Amino acid sequence: MYQIVPVAPGEQQIPGGPGGSPLKKKLAHEGRPLVMAGMLGCALVLAAVVAWCYYSASLRKAQLLKTELLDLNKDGFVIRNQAGAVIFTMTFRSGTLDLDSCSKEGNILSCTQSDSGKLNFFIQTVRPKDTVMCYRVRWEELENVRLVEHAMAYNDSHWYGGAESATQHWPVKIQGEEEPLPFVTSDVYSNRNAFGGILERYWLSSNATAIKINDSVPFHLGWSEMDRTLRFQARYQDSPFRPLEGLQALPELSYRVCVGSDVTSIHKYMVRRYFTKPVKVPSPEVFKHPVWSTWALHKTAVTQEKLLRYASDITKHGFTCSHLELDDRYTADYGEFDFDPQKFPNASGMFDKLREDGFQVSLWTHPFINYDSINFGVAVEKGLFVRELGGELPALVRWWNGIGGILDFTNPEAREWYSSHLRILKTRYDVISFKFDAGETSYLPRQFSTLVPISDPSTFTRRYIEMAIPFSERAELRVGYQSQNISCFVRIIDRDSVWGYELGLKSIIPTVLTVSILGYQFVLPDMIGGNAYPNRTAGKNDLPDRELYIRWLELSAFMPAMQFSIPPWAYDSEVVVIAQKFTELHKTLVAPRVLELAGEVLDTGDPIIRPLWWIANDDEAAYKIDSQFLIGDDLMVAPVLEPGKQERDIYLPAGRWKSYKGEHFDKGPMYLTDYPVDLDEIAFFTWVH
């Protein structure tokens, strides 16, 4: 049957003419779609092959960028748990990886290019034990890049660690937006926005993850409340960190992330792997009996007469004493090492009398020599001071007692000069030990020079801490950095005589828990009632509030050691009776348990004062409690920390508990709401095995 094909006007052809016969024309028209279809088919096949190749390459790249529960992309990486949930997220803020430069060899995933140029980047997977997986991460710039910054997300978990701070929270609370600052030791009493005198580059999460920043990093820390991130930054520009001699100032950010089965076990692993341990337990007497300091009571107005009267009153009111601490200021000028004859006319006789009455004495010391001291010229002549950068002149520094030089403890001659004066004091007066004050890098000039160059300013803190080693039985420090092995008591920074979280009563438990997680277990919680500084004291007649003092006393009785300054008899006989009750309770109940745990610290590094999650790591409520704590695993303490309260809510983790009143609770976890606690009581519970 014929098909009639319509012809458009102007397309009519003469038979046999140039357009060919109608049959040929028909065949030509019919062939064109076939050719087009063939070409289209070939193109589709080619596209499919290309897509498959691209998909295969992408699949291989995706597999390449995965390693043992970690997924890497150009902007960062995530770590998942065995169930597939994201438990750790790190974002690269200062640059992105060129994924085409990445390769994988064995357990190491590495990249050589970023959007800013050449770099050395790798993630190495290590499984040190069946229940722990660790990732070594390093981002090292090889070209002129100012900084490296990674941001760690909170991931709906709770984080602990880092540093002592003025307003201490447990867990860590991110507030506001803070550009990264040098992570170095500072005096948070004078600068309340700084990092404290006890710090380590270590954080721990309720997601059973932990991160340790490497010592070689010029480390700066910031945060973002909006993004809920901690910002880890490495830089040398506009920073007190300096590259080691002979090396370029190219920043490197390196750290280790470890994941465990639960928060307690991963912390135990990190402490055993990365922290040093004390080599011995300090004097048992300090754990058993209170230290009595002159500071909060007399400040710099202390004299021989006042010290003897203080000792006499301690005995008269029936208290024991591990040692008396003679604080600032017993010398004529700062930087001298003998007694001011005006204030202490017969120092030798005073010490004889104190020994006769059963008292041993420690003395306050510090690293400064003021410019008006007779020793200032000696130290300049001998070259004992920290110097101005690039010069021979001593760097003058301002501290809370004036202006002077600060001894260079990287200099063996300065160390020996300082130690020899302490030894002379100890020998001449039979001094039992020393309270080593200050030591924070915030008292160094921003740019300085030491005999032995130091890259990390907090190394200076470590060198100062080492001066306490010969006196460690009863020595007291207020700084800590990579110094867990130095077996001294570490005192948290001065407390104000107030109730709140800013250096007040409520800050003590979060601070002690934090420094314990950082590896410092022999903790002095500062003076009972605080320091009674003007304008920073809740109370009247220059005394801390009476109720505050009593609640502070009760909490201190359950800390590793107790420290008085303002005495109970400054109030009334009822306060004296309460103080006698709790110093006795500390000696008979708390100290034996603390000493047992202190012995274990030498092997394990485990905290003496522990958070509730230590024994309840599957309990979300336990991660947020900052007003209760454990001594070991089986003694839980819940002090009253609010004014005007004689009751409090108490959380009992799962288990069988017996209260100090003899009550039994065995259906936990549970809240005891409005649990009654009289003014002369503190709530505590023992775990019943």
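Buried means under 20% relative accessible area, exposed means over 50%, and partly exposed lies in between (1.4 Å probe, protein chains only). The model is predicted, so local features need pLDDT of at least 70 and side-chain atom pairs count only at pLDDT 80 or more, while totals for chains, interfaces and linings use all residues. Residues are numbered from 1 along each chain as its sequence is written, and side-chain values use heavy atoms, with hydrogens and water left out.

**View 1. Ser487 in its loop.** Ser487 sits in the loop between strand 26 (476-477) and strand 27 (489-491); strands are DSSP runs (E, at least two residues), numbered from the N terminus. With a relative accessible area of 3%, Ser487 is buried.

**View 2. Contacts of the Ser487 side chain.** A polar atom of this side chain lies 3.0 Å from the backbone nitrogen of Val279. The side chain of Ser487 also reaches the backbone oxygen of Lys280, at 3.1 Å. Beyond neighbours within four places in sequence, the residues in contact with Ser487 (heavy atoms within 4.5 Å) include Pro278, Pro282 and Ser472.

**View 3. Strand 20 beside strand 23.** Strand 20 and strand 23 (residues 402-406) pair in the antiparallel sense over 3 bridges. Phe368 has Ile406, in strand 23, as its bridge partner. Strands of a sheet pair through backbone hydrogen bonds, either parallel or antiparallel.

Note on methods: Helices (H or I, at least four residues) and strands (E, at least two) are DSSP runs, numbered from the N terminus. A polar contact is a pair of N or O atoms within 3.5 Å; within protein, one must be able to donate a hydrogen and the other to accept it, and residues adjacent in sequence count only if both atoms are side-chain atoms. Two strands pair if DSSP finds at least two bridges between them.
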